[in-house]
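Let's take a walk through a protein model together. Keep the structure open beside you and look up each part as we get to it.

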Amino acid sequence: MPDSESNLESSDVDVINGTSVLSETKISDEKGSVEKRAVPQIGKDGYPDSIYINAAKIFQGLRTEKSSGKILLRYGDTSGSPTVAFKDEQSRRVSYELAFKTLKYQDLLEEVLVESKVYPSYSIVNELTSLLVVMLCDLQDRKFQNRKIFAEEEIVAEVQEVGNYLYSYETKLAAALARCRIKHDALSIEYFVPETISKQEQRTSALPICFWINTFKISLEDVIKDLEMKGFTKVESVSDFDHYTYAVDQHCRDVLVFPSSLKEELLNLDLSADCKLLLQDKSRSLAVHSARALLTEGADIIVAHLGSYLTIAHMSVLTNDSSSSIFVCGVKSSAKEEELMNSFSHMGCANISLLHEDFTELRPTDPRLEKATVILLIPQCSELGAGNPMELILSEHGDADLLQDLFQGFVSEDKLRILAERQLNELLHALKFNKVQAIVYCTCSVYPEENELVVKKALESGVERDKARRYRYRMSSFICGKIKSSTEMFFKIEPSEISSGCFLAVLEREKKASAKDILASAAAKALLDGIVEEKPKEEVKKPKAKQRRRKAAAGDSKPKAAKLPPRPTAAKAKAPVPKAAHKIQETHVCPICPKSPASKVQKNHAGSPKEKTVQERKAASDPPQETVQGKKAASDTPQKTGQGRKAASDTAQEAGQGKKAASDTAQEAGQGKKAASNMQQKNVP
């Protein structure tokens, strides 16, 4: 029997080595070997002691609490929040990845420890149970082989103790794992992954990945040439993907989309190492492009959350052709500030200013933000719509507790309410910046409570300081021309097998429209059909005054009794009578219309012998006055010609410069006739 048990255990180890490892990070390369990254990989060499300690602390806070009847292991006191200190960003990411992987297989790992009789152990206290489970997860990944000891590694006694304990039972652990698979009829240990996580990982593994181009360092054309030299082929859309292919994104022309199977290979290219091609979720590229479309020359932008430094860098690249500055909130420590500025400098970004205050701590009247006209608000959210939620949470330093919600596949009502309240407070604060003209709000949430409901509540609050220019929904000008149709005032992408989820709302202040703009808008909407547009009062008064003068000079079609002018002096009556005085009356006839009232009055006067005598007497008595008037008419002709040009633009009755001058001359001639008629009436006994 002992021999048979030994053979069974040996066989189980072979099964484990062949099929049950969690994952391997070997990169499949049909065109040659690809250099591995310096980051230690799960399933290869193990990790430094500090990684195991941090991963155990994270797992302790994330692990699933079980009911009393299903408890297999005791994890010690979990009342306090463990303090986790990371050496650098790389250590942080690897620690969380290992903790989350342990969380996925928690049920299986606990069962293996109990089945193998490795647990309970008098040598391992309850406070080290989390470390025991984490190190078992890594040991299984490495096919139960000893881990590598890293140079300059800081030795942690607890890690050494637990590691040695597991190595002493590695055969029993492998056999227990095989028996668990047989018991559950599992072809691989992927069977034990919760369904929600399994579906999420399947979608993530098939989802195309997006890289944006850092045009500070390289152009789109040069990137395409580089990729073509490496054997990549450009296709029209993701539906045409076939391994070494890529496409230009339909919304962001500086974003290239690749099959997910090429992720590791692309990250090892020089393009990625030199910060020329940068991997990031597409939702962030949509957000920065929408914000850039709202910026005017010389205006600044406020980024409410630090999030990923890649988002800030992309915003800087897009504003390279302007004098805009980018203000980033929430950089608390000088060490973090130095780290970020070094990263930005390496990427070629120079127009970024880091602020220590959180966004909600900023005063809307802060003089540093005087030129800011756009706010980019990407708040912390549930992230369940993202293609790789864990990656997004880690890259943007999000709430690590959301990893537990990700594991469950949904967010609890209490946590969702807390997130929504925080998002609403931040959006309300953004509305208070009086000089800001537009706000871009973006999440990767699938819940309306974090998306449209937050925006709706903010707009209904009425907290804007400028009540005359309230915020309204506006479809992003960057996006609206690139989608076929939209019945909503915001941009939304549902999570699918070809795209991550995204919600984007653009809020913009109403602009003060002029009367001309209002009329043009009404005319465009056919609201003025059948309505004659009236001229402004100032433009109407002038032609009316001139019309009254012309009517007074020429008279109406029905002759009216002329008023008697003052009696002329005796000196004027003794002047000689020139022949030209009679010709003035005949030549100053309105040339526009021979049947005008002015011409009728002249004919009526000329038709009566009695009136002719009066005219002759008047002409004989007032020749100097007529001559002076004639000269005055001649001298005033340039001035009246200018007036005629203006009158021609105001009324349709005046046709040109010459017509105006002739009309005015006829007016003077009419005045002379009236004077002669008055003289005749006075000379009648």
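## The big picture

First things first: this is a predicted model. The protein has 28 helices and 13 strands, and 46% of its 685 residues are buried. Take the contacts whose partners have a separation of 6 or more: 78% of them are between residues 24 or more positions apart.

In soluble globular proteins, nonpolar side chains tend to be buried together. Here, the largest nonpolar core has 62 residues, and the ones touching the most other members are Leu-113, Leu-166 and Leu-173. Which helix gives the most to this core? That would be α5 (residues 129–141), with eight residues.

Zoom in on Leu-173. Setting aside residues up to four places away in sequence, Leu-173 touches Val-112, Leu-113, Ser-116, Val-118, Leu-136, Leu-139, Phe-144 and Leu-166. Apart from this core lies another one, of 47 residues, including Leu-310, Ile-326, Ile-493 and Leu-504.

## Helices α5 and α6

Now see how α5 meets helix α6 (residues 157–167): their axes come within 10 Å and cross at roughly 55°. The two helices are therefore oblique to each other, and the crossing is right-handed.

On the α5 side, the contact uses Leu-131, Leu-132, Met-135, Leu-136 and Leu-139. On the α6 side you'll find Glu-158, Val-159, Val-162, Gly-163, Tyr-165, Leu-166 and Tyr-167. Sorted by class, that gives ten nonpolar residues, one polar and one charged.

## Helices α17 and α18

Who does the touching? From α17 come Ala-420, Gln-423, Leu-424, Leu-427, Leu-428 and Leu-431, while α18 brings Val-454, Val-455, Lys-457, Ala-458 and Ser-461. The residues of this contact divide into eight nonpolar, two polar and one charged.

## Helices α12 and α13

Helix α12 (residues 282–294) and helix α13 (residues 309–318) pack at about 35°, and their axes are 10 Å apart. This crossing is right-handed.

The α12 residues Arg-284, Ser-285, Val-288, His-289, Ala-291 and Arg-292 meet Thr-311, His-314, Met-315 and Leu-318 of α13. What classes do we get for the contact of α12 with α13? There are four nonpolar, four polar and two charged residues.

Let's finish with a pair of single residues. Asp-254 sits in the loop between β3 (245–248) and β4 (255–258). Is Asp-254 buried or exposed? Its relative accessible area is 12%, so Asp-254 is buried, the cut-off being under 20%.

Leaving out neighbours within four places in sequence, Asp-254 is in contact with Phe-211, Trp-212, Ile-213, His-289, His-314 and Leu-318. You've met some of these already: His-289 belongs to the α12 side of the helix contact above, and His-314 and Leu-318 to the α13 side. Thr-215 is 39 residues from Asp-254 along the chain, and the C-alpha atoms of the two are separated by 8.5 Å.

Ser-272 lies in helix α11 (residues 270–273). With 14% relative accessibility, Ser-272 counts as buried. Not counting residues up to four places away in sequence, Ser-272 touches Phe-211, Leu-266, Leu-267 and Leu-277. Notice Phe-211 there: Asp-254 is in contact with Phe-211 too.

Notes: Residues are numbered from 1 along each chain as its sequence is written. This is a predicted model: local features need pLDDT of at least 70, side-chain atom pairs count only at pLDDT 80 or more; totals for chains, interfaces and linings use all residues. Side-chain values use heavy atoms; hydrogens and water are left out. Contact means heavy atoms within 4.5 Å. Helices (H or I, at least four residues) and strands (E, at least two) are DSSP runs, numbered from the N terminus. Ala, Val, Leu, Ile, Met, Phe, Trp, Tyr, Cys and Pro count as nonpolar, Asp, Glu, Lys and Arg as charged, and the others, Gly among them, as polar. A nonpolar core is a set of buried Ala, Val, Leu, Ile, Met, Phe, Trp, Tyr and Cys residues joined through side-chain atoms within 4.5 Å. Buried means under 20% relative accessible area, exposed over 50%, partly exposed in between (1.4 Å probe, protein chains only). Axes are lines fitted to C-alpha atoms, for helices over the stretch in contact, and angles run from 0 to 180 degrees between N-to-C directions. A crossing is left-handed if the near helix is turned anticlockwise from the far one by less than a right angle, and right-handed if clockwise. Angles under 35 degrees count as roughly parallel, over 145 as roughly antiparallel, 65 to 115 as roughly perpendicular and the rest as oblique.
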